[in-house]
Amino acid sequence: MFPALPSLRTTGAPRAPRTSPGVPTGALAAGAALALTTGCGLFTPGQNGDMPDDINVTSPMMQEGRPLPEAYTCVGSEPGEDGERETSSPPLSWSGLPDDTESLALVVDDPEAAEVFWIVYDLDPQTGELRQDSVPADARQGLNSTGEAAYAPPCPEADDPHGYRFTVYALNAPLDLPEGAELSSTLEAIADRAIARGSLVTGTE
């Protein structure tokens, strides 16, 4: 049974459908740091050593290897009265953290496109889940590849399948970065402190 969550805040405002954006300058600057989600690059012997994949990441709304549900993409739900579609961040749960975990971080990315859709950090390790469309009040969100401190829904295309990776990192210390920290700084800080990880990977058919 997961412990009770602290007060929550929503992950972002409703947004209209959009085509998948190109990778902006800030994301290009973070290209090397994106290696942290692949298990190579920044995670090298002498820094973090071998990175255990011991954390089990699950979701009641997503399945490993199955398409990302439309509710969590830029297609979103049916348009509201203002004509905009509401998109939510998905719920996630995790288990199997190392005993010496001091903090957690979540990175949602498309490794093939080198795009980061969401970063949440300074999560309390006693928190075993994120509820849909919410972030614990004491956690923080960093800038994603679109320059927003929020969940930016992917825009999958049927004729160009991509995998979307939801990776939870166990850290040996909090990042202590402000809300809206730059993408490259956040990824590098996660790489410096990560001691274990686990991923849930969805895709398109």
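**Entry 1: Asp122 and Arg140**

I started with Asp122, which forms a salt bridge with Arg140. The closest N and O atoms are 3.7 Å apart. This is a predicted model, so I read every value here as computed. Asp122 sits in strand β5 and Arg140 in strand β8, 18 residues apart. Asp122 counts as buried, because its relative accessibility is 12%. Arg140 is partly exposed, with a relative accessible area of 31%.

**Entry 2: Asp109 and Arg165**

How many salt bridges does the structure hold? I found 3. I went on to Asp109 and Arg165, whose side chains meet in a salt bridge at 3.1 Å, N to O. Asp109 belongs to strand β4 and Arg165 to strand β9, so this pair ties together parts 56 residues apart in sequence. Are these side chains buried or exposed? I read 1% relative accessibility for Asp109, so Asp109 counts as buried. Arg165 has 13%, and it counts as buried too.

**Entry 3: Asp53 and Arg197**

Next I checked Asp53 and Arg197. Their side chains meet in a salt bridge, 2.6 Å from N to O. The pair links distant parts of the chain, 144 residues apart. I placed Asp53 in the loop between α1 (25–29) and β2 (56–58), and Arg197 in strand β10. Asp53 has 53% relative accessibility and counts as exposed, because the cut-off for exposed is over 50%. Arg197 has 10% and counts as buried, because buried means under 20%.

In what order do the 5 strands of the open sheet run? I noted β8-β5-β4-β9-β10, with antiparallel pairing. β8 and β10 (194–202) are the edge strands, and each pairs on one side only. I then looked at one pairing in detail. Strand β4 (residues 103–110) and strand β5 (residues 115–123) run antiparallel and are joined by 7 bridges. I picked out Leu106 and found its bridge partner in β5 to be Val120.

**Entry 4: positive phi**

I turned to the backbone. Most residues other than glycine have a negative phi. Asp133 is not a glycine, yet I read a positive phi of about 55° for it. Asp133 lies in the loop between β6 (129–130) and β7 (135–136). Asp176 also has a positive phi of about 55° and is not a glycine. I located Asp176 in the loop between β9 and α2 (183–193). Is Asp176 buried or exposed? I noted a relative accessible area of 60%, so Asp176 is exposed.

**Entry 5: a negative patch**

Last, I looked at surface charge. Which residues form the negative surface patch? I listed Glu112, Glu157, Asp159 and Asp160. I followed up one of them, Glu157, and found it in the loop between β8 (140–141) and β9 (164–171). Its relative accessible area is 42%, so Glu157 is partly exposed. That passes the patch cut-off, because patch residues need over 30% relative accessible area.

Technical notes
Residues are numbered from 1 along each chain as its sequence is written. This is a predicted model: local features need pLDDT of at least 70, side-chain atom pairs count only at pLDDT 80 or more; totals for chains, interfaces and linings use all residues. Side-chain values use heavy atoms; hydrogens and water are left out. Patches are made of residues with over 30% relative accessible area and no salt bridge: like charges are joined within 9 Å, nonpolar side chains (Val, Leu, Ile, Met, Phe, Trp, Tyr) within 5 Å. Accessible areas come from the Shrake-Rupley method with a 1.4 Å probe; for residues, only the protein chains shown count as cover. A salt bridge is a side-chain nitrogen of Lys or Arg within 4 Å of a carboxyl oxygen of Asp or Glu. Lys and Arg count as positive and Asp and Glu as negative; His and the chain ends are not counted. The place of a charge is taken as NZ of Lys, CZ of Arg, CG of Asp or CD of Glu. Helices (H or I, at least four residues) and strands (E, at least two) are DSSP runs, numbered from the N terminus. Buried means under 20% relative accessible area, exposed over 50%, partly exposed in between (1.4 Å probe, protein chains only). Two strands pair if DSSP finds at least two bridges between them.
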